[in-house]
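Please view the sequence and the model first, and then follow the sections below.

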Amino acid sequence: MKRALITGITGQDGSYLSEHLLNEGYDVWGLVRRTSNNPFSRLENVVNHNKAHILYGDLRDTGSLARALDESQPDEIYNLAAQSDVWVSFKCPEEAQEINYYGLGRLVNEAVKRNPKVRIYQASTSEMFGKSQPPQNETSPFAPVSPYGEAKLKAHQDFVEGYRERFGLFIASGILFNHESPRRGLNFVSRKVTSTLAKIKLGLADTLTLGNLEAKRDWGYAGDYVKAMHRILQQEKPGDYVIATGESHTVREFVEAACAALDMPITWKGSGLEEVGVTADGKTIVTISKEFYRPVEVDYLLGDATKARTELNWTDGIGFAGLVKLMVDSDYELLKNNRALT
Ligand code: NDP
Ligand code: GDR
């Protein structure tokens, strides 16, 4: 039985990946950091049934990583742990560097000391492309604009490409474009939109306040994307793979699709910070605030995943409208049944 260690198992991707690897017959171990609230809300299918082993540790604590590696003795490591919020990274840049850059260095160094043949997956990101011209693929230049993107790029260059070339290690990456799900953190725009609009529909909130509506993202479904992570580590040679749908939509289109899914269509009035989204009965339900703009924006991400489709035989499934509906329906049902959103 293969053993996998997942850092970031409590996050969106960690939860789907742990379920996928358990289905594939893996012995799954997850690194969890201590938090003041329940870290296992996404892991009902995994932890509550004692299917995965939990190890306490932190990417900032080398000793904890050493102990986690000794206990789990993994054949494969999936490094999903990160400070993953781009907006927050502008406010806490050292944290992004500490976890997203040095964290990978600590993990890789400790892992290969114990097992030079271990296979390591790094969660790289389309934020590394930043201002690079779309469509972006594995040969596009990197041009990150946020502390998050910069830390992820440095980690990618030093510990993925660099260690692979210098030491011949099996370190691979997925350069994943935005992927969402009903388990997406409430701080990210997709889930903020679906959860708040569902509240508005049920009379539990009045308005949804957003920042830049014009940014374009290539949004896919997280459940499909974790399958690519696993396939990347099953290849003969380690490589880097763009994972994306090849379709890009603005934040504005995301809001419109979510409103449509809730049978609550809106029209837009005004412009800039004064723009509002208004329902057919004249209620303003979307407003704009400077607070949610970023100092520098990534305007347009559109991924070309030809390499992954060819070499990994990877496909994405549900489409943009399907993804938005899945998220809206899930939030609406949870709220209707007085369940907490996590
Ligand atoms: P989440 O924010 O949902 O999950 C991040 C995980 O990292 C959580 O389990 C979190 O723990 C953990 N974590 C944070 N800091 C530390 C630390 N210091 N030590 C140990 N664990 C820590 O992210 P996603 O699941 O969405 O993303 C997974 C990975 O993929 C991340 O690395 C992200 O940067 C990257 N990525 C994500 C994309 C996306 O669209 N989702 C696209 C491209 C890349 P806790 O629960 O305690 O906060
Ligand atoms: P992103 O995701 O920065 O692409 O990073 P996010 O959902 O935070 O933003 C997407 C776009 O929406 C715009 N936006 C807002 N964003 C948030 N969070 N809140 C708002 O109110 C709002 N209004 C407009 C943003 O400006 C941006 O253009 C995600 C994370 O998962 C990263 O970890 C990952 O690496 C990348 O996707 C690929």
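A polar contact is a pair of N or O atoms within 3.5 Å; within protein, one must be able to donate a hydrogen and the other to accept it, and residues adjacent in sequence count only if both atoms are side-chain atoms. The model is predicted: local features need pLDDT of at least 70, side-chain atom pairs count only at pLDDT 80 or more, and totals for chains, interfaces and linings use all residues. Residues are numbered from 1 along each chain as its sequence is written, chains are lettered from A and ligands numbered from 1 in the order in which they are written, and side-chain values use heavy atoms, with hydrogens and water left out.

**The two ligands**

A residue is near a molecule if one of its heavy atoms lies within 4 Å of it. Ligand 2 is surrounded by 21 residues, the closest being S84, T125, Y148, R294 and E297. Around ligand 1 there are 25 residues, of which T10, D58, S84, Y148 and K152 are the closest.

| Residue and atom | Ligand atom | Distance |
|---|---|---|
| N178, polar side-chain atom | ligand 2, oxygen atom | 2.8 Å |
| N187, polar backbone atom | ligand 2, nitrogen atom | 3.0 Å |
| R294, N or O atom in the side chain | ligand 2, oxygen atom | 2.5 Å |
| G8, backbone N or O atom | ligand 1, oxygen atom | 3.3 Å |
| L80, backbone N or O atom | ligand 1, oxygen atom | 2.9 Å |
| Y148, polar side-chain atom | ligand 1, oxygen atom | 2.6 Å |

Accessible areas come from the Shrake-Rupley method with a 1.4 Å probe; for residues, only the protein chains shown count as cover. On its own, ligand 2 has 700 Å² of accessible area, and the protein covers 95% of this. For ligand 1, the protein covers 89% of the 900 Å² that the ligand has on its own.

Helices (H or I, at least four residues) and strands (E, at least two) are DSSP runs, numbered from the N terminus. The elements that give two or more residues to the shell around ligand 1 are α1, β5 (119-125) and α5 (147-167). With three residues, β5 gives the most to that shell.

**The seven-stranded sheet**

Strands of a sheet pair through backbone hydrogen bonds, either parallel or antiparallel. Here two strands are said to pair if DSSP finds at least two bridges between them. Seven strands form an open sheet with parallel pairing, in the order β3-β2-β1-β4-β5-β6-β11. The edge strands β3 (53-56) and β11 (240-243) each have a single partner strand, so one side of each is left without a neighbour in the sheet. From one strand to the next, the twist averages 20 degrees; axes are lines fitted to C-alpha atoms, for helices over the stretch in contact, and angles run from 0 to 180 degrees between N-to-C directions.

Within this sheet, β1 (residues 3-7) and β4 (residues 76-79) pair in the parallel sense over four bridges. I6 has Y78 as its bridge partner in β4. Helix α5 packs on the sheet and touches β5, β6 (170-176) and β11, and its direction makes about 150 degrees with that of β6. Contact means heavy atoms within 4.5 Å.

Which residues does S18 touch, not counting residues up to four places away in sequence? They are I6, I9, V28, L43 and V46. S18 is found in helix α1 (residues 12-23). At 0% relative accessibility S18 counts as buried, where buried means under 20% relative accessible area, exposed over 50%, and partly exposed in between (1.4 Å probe, protein chains only).

**The four-stranded sheet**

Four strands form an open sheet of mixed pairing, in the order β8-β15-β14-β13. At its edges stand β8 (208-210) and β13 (266-269), each with a single partner strand, so one side of each is left without a neighbour in the sheet. The twist averages 20 degrees from one strand to the next.

Strands β14 (residues 276-279) and β15 (residues 284-288) pair in the antiparallel sense over two bridges, and V278 has T284 as its bridge partner in β15. Helix α6 (residues 189-201) packs on the sheet, where α6 touches β8 and β15, and its direction makes about 155 degrees with that of β8. Helix α8 (residues 251-261) also packs on the sheet, touching β8, β13 and β15, with its direction at about 145 degrees to that of β13.

R252 lies in helix α8 and is buried, with a relative accessible area of 15%. Not counting residues up to four places away in sequence, R252 touches L213, E214, W268 and E275.
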